[in-house]
Amino acid sequence: MLAFVIRRILQSCMVLLTVALLAFTMFRFVGDPVAQIVSLDTPAEEVRKVRESLGLDDPVIVQMGRYLYKAVQMDFGISYQFRQPVIQLLAERAPATLELALISSFLSLAIGIPMGVYTALRRDSLFARVFQSISLVGVSLPTFLIGILLIYLFAVTLGWLPSFGRGQVVTVSGRWSTGLLTVSGLKALILPSITLGLYQMTLIMRLVRAEMLEVLRSDHIKFARARGLTTRAIHFRHALKSTLVPVITIAGLQLGSIIAFAVITETVFQWPGMGALFLKAVQNVDIPIMAAYLMIISALFVTINMVVDLLYAFVDPRLRATIKG
Amino acid sequence: MSMQTPPAGSSPPGDSLWSRIMAHDLTYLFFRSPLTVVAAILSVAIMLAALMAPLLASMDPFDPAQVFLADANIPPVWQDGGDPRFVLGTDDQGRDLYSAILYGMRVSLVIGLSGVALAATIGITLGLVAGYVGGRVDAVIMRVADVQLTFPAILIALLVNGIVQALSKGTSRETWAFGVLILSIGLSFWVQYARTIRGSTLIEKNKDYIHAARLVGQPTPLILLRHLLPNVIGPVLVILTINLGLAIITEATLSFLGVGLPPTQPSLGTLISIGNKYLFSGDWWIVTFPGLTLAIFVLSINLIGDWLRDALNPRLQ
Amino acid sequence: MTSSAVTPPVLELRNLVVEFVNRHGTLRALDGISLSIAPGEVLGVVGESGAGKSLTGAAVIGLLEPPGRIASGEVLLAGQRIDQLPVEELRHIRGKRIGTIFQDPLTSLDPLYRVGEQLIETIRTHLPVSEQQARERAIALLAEVGIPAPEKRIDGYPHEFSGGMRQRVVIALALAAEPELIIADEPTTALDVSVQAQIIAVLKKLCRERGTAVMLITHDMGVIAETADRVAVMYAGRVIEIGPVRDVVKSPRHPYAKGLMGSIPALDERPERLLQIEGSMPRLTAIPQGCAFHPRCPHVMPRCHEARPVLEPIGAGQVACFLHEVRS
Ligand SMILES: Nc1ncnc2c1ncn2[C@@H]1O[C@H](COP(=O)(O)OP(=O)(O)OP(=O)(O)O)[C@@H](O)[C@H]1O
Ligand code: SF4
Ligand SMILES: [Mg+2]
């Protein structure tokens, strides 16, 4: 088990290192680190000094090492646009994105899995067909269009829910600003989390359905039928469990991509999160933020992936055995 | 239990090509699914309309000489204040929405198709090489693919976009937006092709005809292209169809986010983005009609892709 | 039919027809199967791949996969028709009165549940016993099928068992509710040659002890010769010869059965001649008129092209071939 965990951690570090290399390349060669410090009217002499003090004349490998060393300490440089440390900007916006992402993930799993199971078991029923068709509409509509549609319906026309922002937020333990504790905060969460979760939900529903149909055709289910087990035991004890084991992996990746997809939702709803910050960075060529966001997101993905792998191993006795051995 | 089912392509011998096509299982399955037929008609119609935009449109929305700001934000004809010159109304610049949609659809389609073609080319090439050469080359390609697969396509597209923008400092977006969108889509969607092709290549490369070609001394690129490719390309068809929908969504999303096509060369996404700004003032048509066109087109393509996947799956007849 | 018989056969098939309907039309996969199995009897079922052996088994337990369906004919279990029972009642018969063993023990068990959980679940589905009683019964069953240290192994997962051991577990599962009949569909084909004999021996012993009848589907004539009481030979969805194992294996009458038996060298006699049957079994879409075997038959006669021979009693068995028609 330990060997497996260590190997998995090493693998993750390799991935992170690759991404960091990419981030450094962006930071150093695509962006202009000097631009962080100086303005347009800084005299050339001054600029040269800044270059020197930043160590831009050192060998690239030294610079890379320095960049990594700082990145590990969460120092990603200064934003071109805001003239503030990147990490501070990201930290301020992280709670908004994470709360949105968590609620959307929960929604998409809590609704997507039962719908997938239902459409697989009642393949030919009217509802299953309707669900299946709706789900195709769900994956065909771009997220931003869904957001606009919801805003038009529930904010503009009906006026029930706010169309932008987080509502009233409360700061917990001095760092975390949460919208979960106020009515307006919760109301503000509804439309964005539906927008963000809908695509993932339909995706999960379709994946669960496909996986479950596959499992229902498998030999051990055939044998379970031949043993005379009740339909309920066959469907929910045997087929469902076999279906959900691989779905764990998907669900984990889902959370990761929900955080990335938040870029779109946050833009539509003017949600003050990391995604909106990243988009602004792309629009304004704010390389330090882009590089930092890339690294933070990949660190998140890699961690989630690793946890999912371990979880998978924990759930599936076959894997547990190979890992122990 | 062993099951034998007739191969998917089995068809009774016919005389003409037409009768052979009509007798084919795929054709049968196609006409048995009315939704797919409707989807096919719709998507062909939209594609044709987009390609023939200059003929069908009442004006060229890209031509500043034909656009007058005085005509801005006119509602569709059937509403109060509508203008018979602009059936679906106008946008904030005074462009006829109907014409803008036709031209915008054309832009979206060209970018989507080129992006998918680029992704397929990259993916198929790398997949063939990885599968055929194996060893370290394979390991490197597949590792890159694995890493990339953990990032959603939209994020990669945004990154590519940001990097190009940084490198092209000063030049205007009009000059490179088109190419960058294609590049972004190409670079974010290649992995699936590479994986599929690599899988089938691994199986095919040990077959006799490949051995024979190698023994005869044919150069590797020729073996890859002439012998291997035709035998592994099959499953790519479904991915192509589904990816076209995704690519068009990605283009629209990037343009909506303001990092795609500029308002002077509007794609559907750009139009929706413009319309979104006027939604609160009640000018619903600017966002609705382009949005509807986009949704119907992508939905049709996905319906076809979905049907194709089921129809080509030998396990479900 | 002699309804006055003391005990009706455990299983009787009367003119069973199974069809698949698809757009090419209706495919008749089983065409009038008639056979019976007496209590405690082992009926071997042999025939080329695709002859319809597995389909017969699936039809009996009501697990034909759509679009397959029983088009006509009857399935009787201990004299009672079961082919028209409601789904739920048929389920009570599966596992309780008819046990089933499939070919591949590696995939028959649910990999995510312990062997014991699967046994207990099966026992408690069919018998009114407590969890504890079911567990004791499960351990006893495992011991009976020859699994060492069953009280420990019962808590193992399927992947911790070897192929042979897994098939023993499958046998235990099939026997869990003391069924009257076991349908064993190629129970050893997927196994290592070295353990095949052991598995057959276990199956044979347990069924004999309990008086359980067996429908043993196999390609292995050696197993048939040693294990079966009677044999049914199938060809293109029909039974073409059925009778006591001695007769059918040693002196088959139907030309196809002759060819089939000829292809195994007998143990005690030296093989006279290895009879080869030319050609292969027709696909369902192209089953010839008349006797389905006529394109391959060395004794084909003009009438074999038109008329279809039916099973007719001859000696202790039955044969469907015009060569053996009882002339009136
Ligand atoms: N779903 C189906 N659709 C059409 N034909 C089918 C289907 N399932 C089975 N068949 C046909 O039914 C026939 C009998 O199949 P079956 O599995 O019973 O053969 P078998 O005698 O058990 O062969 P094997 O020795 O290979 O197990 C075959 O010709 C097969 O093609
Ligand atoms: S009926 Fe005719 S064709 Fe069929 S087996 Fe007998 S002799 Fe041969
Ligand atoms: Mg079989």
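1. The nonpolar patch draws its largest share from helix 3 of chain B, which supplies three residues. Helix 3 spans residues 34-51, and helix 4 spans 53-56. Each of these two chain B helices gives at least two residues to the patch. Bear in mind that this is a predicted model.

2. The patch lies on the surface. Its members are B:Val44, B:Leu48, B:Leu51, B:Met52, B:Leu55, B:Leu56 and B:Tyr98. Together they have about 660 Å² of accessible area.

3. Take B:Leu48, a residue of helix 3 in chain B. Its relative accessibility is 45%, so B:Leu48 counts as partly exposed. The cut-offs are under 20% for buried and over 50% for exposed.

4. Now the ligand. Ligand 1 is surrounded by 16 residues. The closest are C:Ser49, C:Gly50, C:Lys53, C:Ser54 and C:Leu55. The site is shared between chains, because the surrounding residues come from chains B and C.

5. Helix 1 of chain C, residues 53-60, gives the most to this shell: three residues. By type, the shell holds six nonpolar, seven polar and three charged residues.

6. Polar atoms meet the ligand at several points. A polar backbone atom of C:Gly50 is 2.7 Å from an oxygen atom of ligand 1. For C:Leu55, a backbone N or O atom lies 2.8 Å from a ligand oxygen. C:Glu186 uses its side chain: an N or O atom there is 3.2 Å from an oxygen atom of ligand 1. On its own, ligand 1 has 640 Å² of accessible area, and the protein covers 91% of that.

Notes
Residues are numbered from 1 along each chain as its sequence is written. Chains are lettered from A and ligands numbered from 1 in the order in which they are written. This is a predicted model: local features need pLDDT of at least 70, side-chain atom pairs count only at pLDDT 80 or more; totals for chains, interfaces and linings use all residues. Side-chain values use heavy atoms; hydrogens and water are left out. A residue is near a molecule or strand if one of its heavy atoms lies within 4 Å of it. A polar contact is a pair of N or O atoms within 3.5 Å; within protein, one must be able to donate a hydrogen and the other to accept it, and residues adjacent in sequence count only if both atoms are side-chain atoms. Accessible areas come from the Shrake-Rupley method with a 1.4 Å probe; for residues, only the protein chains shown count as cover. Helices (H or I, at least four residues) and strands (E, at least two) are DSSP runs, numbered from the N terminus. Ala, Val, Leu, Ile, Met, Phe, Trp, Tyr, Cys and Pro count as nonpolar, Asp, Glu, Lys and Arg as charged, and the others, Gly among them, as polar. Patches are made of residues with over 30% relative accessible area and no salt bridge: like charges are joined within 9 Å, nonpolar side chains (Val, Leu, Ile, Met, Phe, Trp, Tyr) within 5 Å. A salt bridge is a side-chain nitrogen of Lys or Arg within 4 Å of a carboxyl oxygen of Asp or Glu. Buried means under 20% relative accessible area, exposed over 50%, partly exposed in between (1.4 Å probe, protein chains only).
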